[in-house]
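Here's a quick briefing to read alongside the model. Have the sequence and the 3D view open as you go.

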Amino acid sequence: MDLRPQSTRSAATRDAVTVEIVFALVTGLVLAGAVFALGAVTAWYLGLPDLATRVAAVAAGVAFVVRVVRVLWRFPRPSGRSERPGRTGSGS
């Protein structure tokens, strides 16, 4: 007897979701690294390493979260699902 829940998603759909999640995480990490590097180099150049490095770390974290949420929010939902609130299907 198989006790695993049966999924209605196809393998292609699951693969697409996995690829989109990995894409969001990788691009989020790249963006966060760039934001942190820019902030840290600026802090080092201005001679304010302690406070400015902390600010750069917070800005990098925020950039990561914003990027991941933005990428995943734009990923299309399966056709059987309801639309997101405030969205229209016209694409305009």
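Let's start with Thr27, which sits in helix H1; helices here are DSSP runs of H or I with at least four residues, strands are E runs of at least two, and both are numbered from the N terminus. Keep in mind that this is a predicted model, where local features need pLDDT of at least 70, side-chain atom pairs count only at pLDDT 80 or more, and totals for chains, interfaces and linings use all residues. Residues are numbered from 1 along each chain as its sequence is written, and side-chain values use heavy atoms, with hydrogens and water left out.

- The side chain of Thr27 makes a polar contact with the side chain of Arg67, at 3.2 Å. A polar contact is a pair of N or O atoms within 3.5 Å; within protein, one must be able to donate a hydrogen and the other to accept it, and residues adjacent in sequence count only if both atoms are side-chain atoms.
- Setting aside neighbours within four places in sequence, Thr27 touches Arg67 and Val71, where contact means heavy atoms within 4.5 Å.
- Gly28 is buried, with a relative accessible area of 0%; buried means under 20%, exposed over 50% and partly exposed in between, with a 1.4 Å probe and protein chains only.
- With neighbours within four places again left out, Gly28 is in contact with Phe64 and Arg67.
- From Gly28 to Val62, the C-alpha to C-alpha distance is 9.8 Å, across 34 residues of sequence.
- Ala34 belongs to helix H1 too, and at 45% relative accessibility it counts as partly exposed. The C-alpha atoms of Ala34 and Ala60 are separated by 7.9 Å, though the two are 26 residues apart along the chain.

**Helix H2 itself**

- H2 covers residues 49–74, 26 residues in total, and spans 37 Å from first C-alpha to last, close to the expected 38 Å. That expected span is 1.5 Å times one less than the number of residues.
- Ala56, Ala60, Ala63, Val68 and Val71 are buried in H2, and the buried residues of this helix pack against helix H1 (11–46).
- An α-helix has 3.6 residues a turn, so residues three or four places apart point the same way.

**The salt bridge**

- How many salt bridges does a search of the whole structure find? It finds 1, taking a salt bridge as a side-chain nitrogen of Lys or Arg within 4 Å of a carboxyl oxygen of Asp or Glu.
- The partners are Arg54 and Asp50, with their closest N and O atoms 3.5 Å apart. Both lie in helix H2, 4 residues apart, or about one turn of the helix.
- Arg54 counts as exposed at 55% relative accessibility, while Asp50 is partly exposed at 49%.

**Surface and overall numbers**

- Trp44, Tyr45, Leu46 and Leu48 make a nonpolar surface patch of about 580 Å². Of these, Tyr45 is in helix H1 and is exposed, at 68% relative accessible area.
- Overall, the secondary structure comes to 2 helices and 0 strands, and 13% of the 92 residues count as buried.
- Among contacts between residues at least 6 apart in sequence, 64% join residues at least 24 apart.

Technical notes: Patch = residues over 30% accessible without salt bridge, like charges linked within 9 Å, V, L, I, M, F, W, Y side chains within 5 Å. Areas by Shrake-Rupley, 256 points an atom, 1.4 Å probe, with all protein chains shown as cover.
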